[in-house]
Amino acid sequence: MADPYQNNVYQQQGGDSYGTYGEGGGPDGYGYQSDPRQEEDAASDATEGHDEEDQMYEGEYQGIPHPDEVKAAQRAARAKARSARSAVSELEELSEQYEDIMEDCGHGKFQWTLFIVLGLALMADGVECFVVAFVLPSAEKDLCLSNAEKGMLGLTVFVSMMVGAFLWGGLADKVGRRRCLIVALAINCVFAFLSSFAQGYGFFLFFRVLSGVGIGGTVPIVYTYFSEFLQMDKRGEHLSWLCMFWMIGGIYASFTAWGIIPRYGWGFSMGTEFQFHSWRVFILVAALPAITSLVGLTFMPESPRFLLENAKHDEAWMILKQVHDTNWRAKGQPEKVFTVTHIKAPKTAEDEFIEIQSATGTSVQRWAVRSLTLCKLVLKNVASLVSAELRLATLFMAVIWFCMAFSYYGLSVWFPDMIKHLQYEEYKSKVKVLHRERVENFHFNFSLENQIHTEGEYIHDKFIRIEMKSVKFEDSLFEDCHFEDIRSTDTVFENCTIRSTLFTNTDLWEEKFINCRMENSTFEHNKPGCHLDHDEENDVLIYLVSFLGSLAVLPGNIISALFMEKIGRVKIIGGSMLISAGCTFFLFLSFSQSAIIALQCLFCGVSVAAWNGIEVVTVELYPASKRATAFGVLNALCKLAAVLGSSIFSSFVGVTTAVPILLSFAALTGGGLLALKLPDTRGKILQ
């Protein structure tokens, strides 16, 4: 006689649209079917060596219900609500059953391991946003970058991340969360590594673009992936804790950049063709979080919810059992048995890839058809975000994402730019003006800095082995002078007459002489390198501002995580955006360097709570089949807003402070008020 409990066998009933495990179901037609022998063994293991008094729940004396009783009551309430509905869709049944399974699996070692692995991927995204900004002042020397090229490099980072978010978000709903995240991180690691060795601007830009496309997929996939391993009452809090890794990425980038980049001697050269300086070392170090996450992901399973949506029931059941057993073993209760015997899931005939028989066409043709089919499915999924049932939610979330990103990234660029501008204005105010000075037969062996010389005369003078920084000679005469071994920064000669003068081993190139008249003057052995008008060095303040801005996120992260379930997502988003809008008006009261740094910290600390709420709501508003796609589209819109915000805000530096303040206030206020109209997803089962 065959053992009826020998195996869990997948069966497809005729006319039934569900895949099931086992040969029967509970009274509600799905859910849990216990193995009597397993329950008997589990019971004997659980009671072995214990008296009934030892099993008494401690809270029972205080009238506190046992957590298992609470879960049972919640399930009963859901079952009652389900039976009251006249018709329950397949996806609703799957969602409710999946929530019951995740409650049984508990929250423990598995989720915390996944939390670290995915957190490192999110940390890599945070680092990517700082890499180019930190390396530009040093990279422009090695790569001979003009201001236009530097601007293009900063712009393309966000554009490539925008493309990556859209691409990988869409693919994750069709190919798999884990698989897409592994490929995206691998692309980021490979091209980040190659960019550190690129010797020309073209190759460096190309590699950084591809690196950005890879890392752009981390945010939409990470939140989608992690949310599908969380039960309802843990989801908001733990997704908020996950956001903290973005802050850690900013701190990591600031610290490593400050520790590595100023050490310009760290590196080596092979002639003049190949140079590997400290900023290239920093790029390699910045890729470590992505590499570590990539290694960790190889040990993580695919999302079982994704597998169930794609009718891969066997794999999903095995992964859920793995989650259950890992958690309960770590809690010291290995006797807990995974009692799920069947899982219902809708058919996915419409979304199945077209399989071509091996005898049909070549391998290239089969690959082309599969790729075309995949593209059509992804685009169809994107279009479904504006269908009747999702149109309003997508519109609201798009406006909120855009307003938040426009203000946040715009001010994040504007704050440090304004600090630099104030420093420059202070520096200019201390300029020394020398008028009609006559210097004859003098040897300048000291550096000249922050000076303006007008209508001067320099006869038989020597300028040897000195540095000229922010020096301007205007309407002056140089006669029979000798310039040797000169290094200049922001130095110009305007409307000058230069007679019988020798320039040897200097970086005083032709463009530094504006409307000057040269008479019998000679340039010999000019310094090789880039013709830079500004030789900008990385100031410690750059790292300090980035570090403080990232660190200020910590209090807001903690508070939002602790109160996400208590207050609710909608109130946190709306309240944080409105408070952030109020913070910007403090800039009208004081506008010193210290005030800007303080307000940046305040703004970042408050706004992170809004970001946490936005990301949690985005996960919870959309069904599993569209979750990563929606997150990818909205995150791509976020990057577009970041490009617009940073470009618009930076254009007003040194012009006016009112426009950036009013723009950010309007965007945050409008987005915050609109957020209060969102549906509250707290306490709702993940669709």
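**Figure 1. Phe473 and its contacts in the predicted model.** Phe473 touches Leu448, His453, Tyr458, Met468, Phe478, Val492, Phe493, Glu494 and Cys496, leaving aside residues up to four places away in sequence. This view, like the others, comes from a predicted model. Phe473 sits in strand 10, which covers residues 462-474. Its relative accessibility is 0%. Phe473 therefore counts as buried. Asn495 lies 22 residues from Phe473 along the chain. The C-alpha atoms of Phe473 and Asn495 are 8.4 Å apart.

**Figure 2. The whole protein.** The protein has 687 residues, and 49% of them are buried. It contains 21 helices and 18 strands. Consider the contacts with a separation of 6 or more: 67% of them join residues 24 or more positions apart. The protein exposes about 31,200 Å². Carbon and sulfur atoms supply 60% of that area.

**Figure 3. Helix 21 and its packing.** Helix 21 takes in residues 658-675, 18 residues in total. From first C-alpha to last, helix 21 reaches 26 Å. That is close to the 26 Å expected at 1.5 Å a residue. Its buried residues are Pro660, Ile661, Ser664, Ala667, Leu668, Gly671, Gly672, Leu674 and Ala675. Which helices do the buried residues of helix 21 pack against? The partners are helix 15 (391-429), helix 18 (569-585), helix 19 (593-621) and helix 20 (627-650).

**Figure 4. Ser646 in helix 20.** Helix 20 holds Ser646, and this helix is also one of the packing partners of helix 21. Is Ser646 buried or exposed? Ser646 is buried, because its relative accessible area is 17% and the cut-off for buried is under 20%. The side chain of Ser646 reaches the backbone oxygen of Val643 at 3.2 Å. Ser646 also touches Tyr409, Gly410 and Val413, with residues up to four places away in sequence not counted.

**Figure 5. Cysteines without disulfides.** How many disulfides does the structure hold? The count is zero. Cys129 is in no disulfide, and the nearest cysteine sulfur, that of Cys638, is 8.8 Å away. Cys129 counts as buried, at 19% relative accessibility. A disulfide needs the sulfur atoms within 2.5 Å. Cys604 is buried too, with a relative accessible area of 5%.

**Figure 6. Confidence along the chain.** The mean pLDDT of the protein is 80, and 80% of the residues score at least 70. Among the elements, helix 11 (residues 288-297) has the highest mean pLDDT, 95. Strand 1 (residues 10-12) has the lowest, 36. Residues 349-354 have a pLDDT below 50, and this stretch has nine contacts in the model beyond near neighbours in sequence. Residues 531-538 also have a pLDDT below 50. This second stretch has 27 contacts in the model beyond near neighbours in sequence. Where pLDDT is low, the predicted coordinates should not be read in detail.

Technical notes. Residues are numbered from 1 along each chain as its sequence is written. Side-chain values use heavy atoms; hydrogens and water are left out. Helices (H or I, at least four residues) and strands (E, at least two) are DSSP runs, numbered from the N terminus. Buried means under 20% relative accessible area, exposed over 50%, partly exposed in between (1.4 Å probe, protein chains only). Contact means heavy atoms within 4.5 Å. Accessible areas come from the Shrake-Rupley method with a 1.4 Å probe; for residues, only the protein chains shown count as cover. The expected span of a helix is 1.5 Å times one less than its number of residues. A polar contact is a pair of N or O atoms within 3.5 Å; within protein, one must be able to donate a hydrogen and the other to accept it, and residues adjacent in sequence count only if both atoms are side-chain atoms. pLDDT is the predictor's confidence in each residue, from 0 to 100.
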